[in-house]
Amino acid sequence: MLVIGLTGGIGTGKTEATHILRELGAVVVDSDKIAHLSYEPGTEAHSQIVSKFGDEILADSGVIDRSQLGELVFSNVVHREELEAIVWPAVDKLIEASLLKEEQRGIRIVVIEAAKLFESGWDRFTDVIWTVEAFEAEVVVRVANRSGLSESDTKSRIAAQLTREERVEWADVVIENNATLENLRDQVTILWESIPK
Ligand code: ATP
């Protein structure tokens with residue numbers, strides 16, 4: 001089985017690229033979704049997060065309120081690292097299980113989408129890495145349109161990630177997403193079709 005790691009900075013177009021890949025027939029493991037599963041009520045990560053950050057991050061249902069948690073960790077590096085130290089090992093196990101399941105059902109190519117592919121060490125699960133990149137000015141506009149984040153908030157999130165140069169150096173393939181979504185589709189389709197199946 002070939003495992004492709006798909007990474008890139010905030011708002012560069014990873015999710016759009018995975019939509020295209022799914023349409024082309026790829027199986028995509030979404031590390032964000034897996035992270036949310038890793039701290040569902042009843043999990044070890046859930047109790048560790050609550051004991052670290054307090055009951056105020058819980059919704060009435062007992063589910064961890066992701067926007068509350070996000071506010072706590074995006075503004076504070078120590079909190080972010082504490083959260084990652086809880087969530088990443090839990091995600092490791094779920095990614096491993098998910099790759100095993102896909103392999104057992106005969107899937108030939110799996111894409112792992114992760115903004116923090118390198119920082120988390122999940123790059124070790126991959127055979128090849130693609131990074132989606134876009135100019136910062138473009139990202140600021142797209143993220144403002146998508147989620148109403150201010151320019152300074154977007155820039156501080158960009159600053160908290162690896163740099164474009166680091167990702168480009170460590171990735172095998174760079175997808176420059178500075179034009180239209182059609183252009184992104186064309187690039188992703190060419191890449192997908194170049195993989196022997
Ligand atoms: P994050 O890491 O923040 O989740 P992401 O890398 O998954 O971001 P997307 O959600 O795919 O990024 O893209 C960010 C926003 O920019 C979305 O609203 C998306 O529709 C839009 N977008 C992405 N690529 C393009 C493009 N080429 N042209 C126009 N809009 C785009």
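Colleague: How much space lies in the largest pocket?
Modeller: About 1700 Å³. That volume is the space filled by probe spheres set on grid points, joined across faces, edges and corners. A pocket here is an open set of points on a 1 Å grid over the protein atoms alone, where a 1.4 Å probe fits, with protein on both sides within 12 Å along at least five of seven lines. This is a predicted model, where local features need pLDDT of at least 70 and side-chain atom pairs pLDDT 80 or more, while totals for chains, interfaces and linings use all residues. Residues are numbered from 1 along each chain as its sequence is written, and side-chain values use heavy atoms, without hydrogens and water.

Colleague: How many residues line the largest pocket, and which lie nearest its centre?
Modeller: The lining has 47 residues, each with an atom within 4 Å of a point. Nearest the centre are Asp32, Phe74, Ala115, Arg146 and Arg157.

Colleague: Which elements give two or more residues to that lining?
Modeller: α1 (14–23), α2 (31–38), α4 (66–74), α5 (77–104) and α7 (136–147). The largest share, seven residues, is from α4. Helices are DSSP runs of H or I, at least four residues, numbered from the N terminus.

Colleague: What is the lining like by class?
Modeller: 18 nonpolar, 14 polar and 15 charged residues. Asp, Glu, Lys and Arg count as charged; Ala, Val, Leu, Ile, Met, Phe, Trp, Tyr, Cys and Pro as nonpolar; the others, Gly among them, as polar.

Colleague: Back to α4. At what angle do α4 and α5 pack?
Modeller: About 125°, with the axes 6 Å apart. Axes are lines fitted to C-alpha atoms over the stretch in contact, and angles run from 0 to 180 degrees between N-to-C directions.

Colleague: Why are they called oblique?
Modeller: Under 35 degrees is roughly parallel, over 145 roughly antiparallel, 65 to 115 roughly perpendicular, and the rest oblique. The α4 and α5 pair is therefore oblique.

Colleague: Which residues meet there?
Modeller: Leu69, Leu72 and Val73 of α4 meet His79, Arg80 and Leu83 of α5. Contact means heavy atoms within 4.5 Å.

Colleague: New topic. Is Thr154 buried or exposed?
Modeller: Thr154 counts as buried because its relative accessibility is 0%. The cut-off for buried is under 20% relative accessible area (1.4 Å probe, protein chains only).

Colleague: Where does Thr154 lie, and what does Thr154 touch?
Modeller: Thr154 is in helix α8 (residues 151–159). Leaving out residues up to four places away in sequence, Thr154 touches Ile10, Val139, Val140, Val143 and Leu149.

Technical notes
Buried < 20%, exposed > 50% of the residue type's maximum accessible area, 1.4 Å probe, protein only.
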